[in-house]
Amino acid sequence: GLILGILTADCTPVLFTDEKAGVVGVAHAGWKGALTGVLSNTILAMEKLGADRADIRTAIGPTIHQDSYEVGADFRAHFADIESGFASYFNRGKDVEHYQFDLPGFVRDQLKSQDIRHIWNARIDTYKSADHFSYRRTTHLKEPDYGRQLSGIMLPR
């Protein structure tokens with residue numbers, strides 16, 4: 001009967017479960033968290049509770065997608081400075097100073113790098129979806145508040 005949830009409004013919610021061990025987890029994987037270990041730390045915490053990463057299943061919830069996520073050249077350089085291969089998550093933007101960042105692709109590949117093989121993706125762009133909250137969309141529209149959605153996972157009794 002335990003429910004875990006995470007609030008997001010463009011960042012990537014990631015839900016984890018190891019049904020055999022009866023362990024669940026959630027992670028708020030914005031660019032910074034995904035880059036600095038929130039996913040691997042969630043997996044390690046689950047393993048301390050008896051989970052086996054071979055049995056962990058994950059779900060990537062609604063998040064901002066590459067077409068909607070414009071960033072500056074300095075943002076891209078920060079990723080490339082950490083690992084040159086991270087540059088592959090960026091497409092050219094409207095000019096040489098802007099890029100489009102693939103946050104859900106980066107999150108997916110970070111999970112794969114942790115030997116997680118069961119990854120489901122909702123494939124919902126929060127910026128483009130009228131049914132989801134988006135911090136970036138609200139900012140662009142100069143609206144007063146952006147709201148948040150709750151992604152949750154539950155252990156059955």
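Reader: What makes Asp102 worth a look at the start of α4?

Author: A side-chain oxygen of Asp102 reaches to within 2.9 Å of the backbone nitrogen of Gly105. A polar contact is a pair of N or O atoms within 3.5 Å; within protein, one must be able to donate a hydrogen and the other to accept it, and residues adjacent in sequence count only if both atoms are side-chain atoms. The Asp102 oxygen and the Gly105 nitrogen lie inside that distance limit. This is a predicted model: local features need pLDDT of at least 70, side-chain atom pairs need pLDDT 80 or more, and totals for chains, interfaces and linings use all residues. Numbering runs from 1 along each chain as its sequence is written, and side-chain values use heavy atoms, without hydrogens or water.

Reader: Why is Phe79 called buried?

Author: Its relative accessible area is 0%. The cut-off is under 20%, so Phe79 qualifies. Phe86 is buried too.

Reader: How do you know that Phe79 and Phe90 form an aromatic pair, and what kind is it?

Author: Rings of Phe, Tyr and Trp (its six-membered ring) pair if their centres lie within 6.5 Å; planes under 30 degrees apart count as stacked, over 60 as edge-to-face and the rest as tilted. By this rule the count comes to 17 aromatic pairs. One of them joins Phe79 and Phe86, at 6.3 Å centre to centre with 65° between the planes, which is edge-to-face. Phe79 and Phe90 are at 5.5 Å with 70° between the planes, so this pair is edge-to-face as well. The Phe79–Phe90 pair links distant parts of the chain: Phe79 is in helix α3 (residues 73-82), Phe90 in strand β6 (residues 90-92), 11 residues apart. Phe90 counts as buried, at 7% relative accessibility.

Reader: Which residues make up the aromatic cluster?

Author: Trp31, Tyr69, Phe75, Phe79, Phe86, Tyr89, Phe90, Phe101 and Phe106 form one cluster.

Reader: What makes you say that the charged end of Arg76 sits over a ring?

Author: A charge sits over a ring if NZ of Lys or CZ of Arg is within 6 Å of the ring centre and within 35 degrees of the ring normal. The charged end of Arg76 is 4.8 Å from the centre of the Tyr99 ring and sits over it. Arg148 does likewise over the ring of Tyr146, at 4.2 Å.

Reader: How is the largest pocket defined, and which residues are closest to its centre?

Author: On a 1 Å grid over the protein atoms alone, a pocket is an open set of points with protein on both sides within 12 Å along at least five of seven lines; a cavity is a set where a 1.4 Å probe fits but cannot get out, and lining residues have an atom within 4 Å of a point. The largest pocket holds about 260 Å³ of space. Of its 17 lining residues, the closest to the centre are Ala9, Asp10, Cys11, Tyr135 and Arg136. Helix α5 (135-140) gives the most to the lining, four residues.

Reader: What makes up this lining by class?

Author: Nine residues are nonpolar, five polar and three charged. Ala, Val, Leu, Ile, Met, Phe, Trp, Tyr, Cys and Pro count as nonpolar, Asp, Glu, Lys and Arg as charged, and the others, Gly among them, as polar.

Reader: How do you know that Ser134 makes a polar contact with Asp10?

Author: Their side chains come to 2.9 Å. The limit is 3.5 Å, so the distance passes. Ser134 lies in the loop between β8 (118-121) and α5. It is buried, at 0% relative accessible area.

Reader: Why is Arg123 called exposed?

Author: Arg123 has a relative accessible area of 62%, and the cut-off is over 50%, so the word applies. Arg123 is in the loop between β8 and α5. Its phi is near 55°, positive in a residue other than glycine.

Reader: Why is Lys142 called exposed?

Author: At 74%, Lys142 passes the cut-off of over 50%, so it is exposed. Lys142 also has a positive phi of about 55°, although it is not a glycine.

Technical notes. Buried means under 20% relative accessible area, exposed over 50%, partly exposed in between (1.4 Å probe, protein chains only). Helices (H or I, at least four residues) and strands (E, at least two) are DSSP runs, numbered from the N terminus. Grid points are joined across faces, edges and corners, and a volume is the space filled by probe spheres set on the points.
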